[in-house]
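I opened this entry to record what I looked up in one protein. My notes follow the structure below.

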Amino acid sequence: MGTEDAPVCQQHAGEVRMSLRTLHSDVSAPQQVLAAYACPECGSERRLPMSTEVPRKGPGTSGAA
Ligand SMILES: [Zn+2]
């Protein structure tokens with residue numbers, strides 16, 4: 001199955017999954033990546049930290065098309 005870690009938009013009564021838009025990496029915290037999600041319904045954004053426990057790997061090859 002897929003990696004459905006997308007948060008649910010809280011602007012709706014139902015469960016509207018937000019879609020991953022971009023990944024932000026902070027130079028002060030290279031092991032932490034902020035994933036920016038956007039709701040396809042209302043367009044509200046939400047950023048969630050993604051902890052990357054693979055320090056020797058390059059940036060984001062985890063299927064973020
Ligand atoms: Zn929404």
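I began with burial: buried residues make up 8% of the 65 residues in the protein. A residue is buried if 20 or more other C-beta atoms, placed from the backbone, lie within 10 Å of its own, exposed if 12 or fewer, and partly exposed in between.

I noted that this is a predicted model, in which local features need pLDDT of at least 70, side-chain atom pairs count only at pLDDT 80 or more, and totals for chains, interfaces and linings use all residues. Residues are numbered from 1 along each chain as its sequence is written.

I checked pLDDT, the predictor's confidence in each residue from 0 to 100. Its mean for the protein is 81, and 71% of the residues reach 70 or more.

I looked up the elements next and found 0 helices and 5 strands. Helices (H or I, at least four residues) and strands (E, at least two) are DSSP runs, numbered from the N terminus.

I followed β3 (residues 19-26) into β4 (residues 29-38): they run antiparallel and are joined by 7 bridges. A hairpin of 2 residues connects β3 to β4. D26 has A29 in β4 as its bridge partner.

Which residues make up the largest nonpolar core? I found 5: C9, M18, A35, Y37 and C39. Such a core is a set of buried Ala, Val, Leu, Ile, Met, Phe, Trp, Tyr and Cys residues joined through C-beta atoms within 7 Å.

I then took Y37 and, leaving out residues up to four places away in sequence, listed what it touches, including A6, M18, L20 and L48. Contact means that the C-beta atoms of two residues, placed from the backbone, lie within 7 Å.

Note on methods: Pairing = 2+ DSSP bridges.
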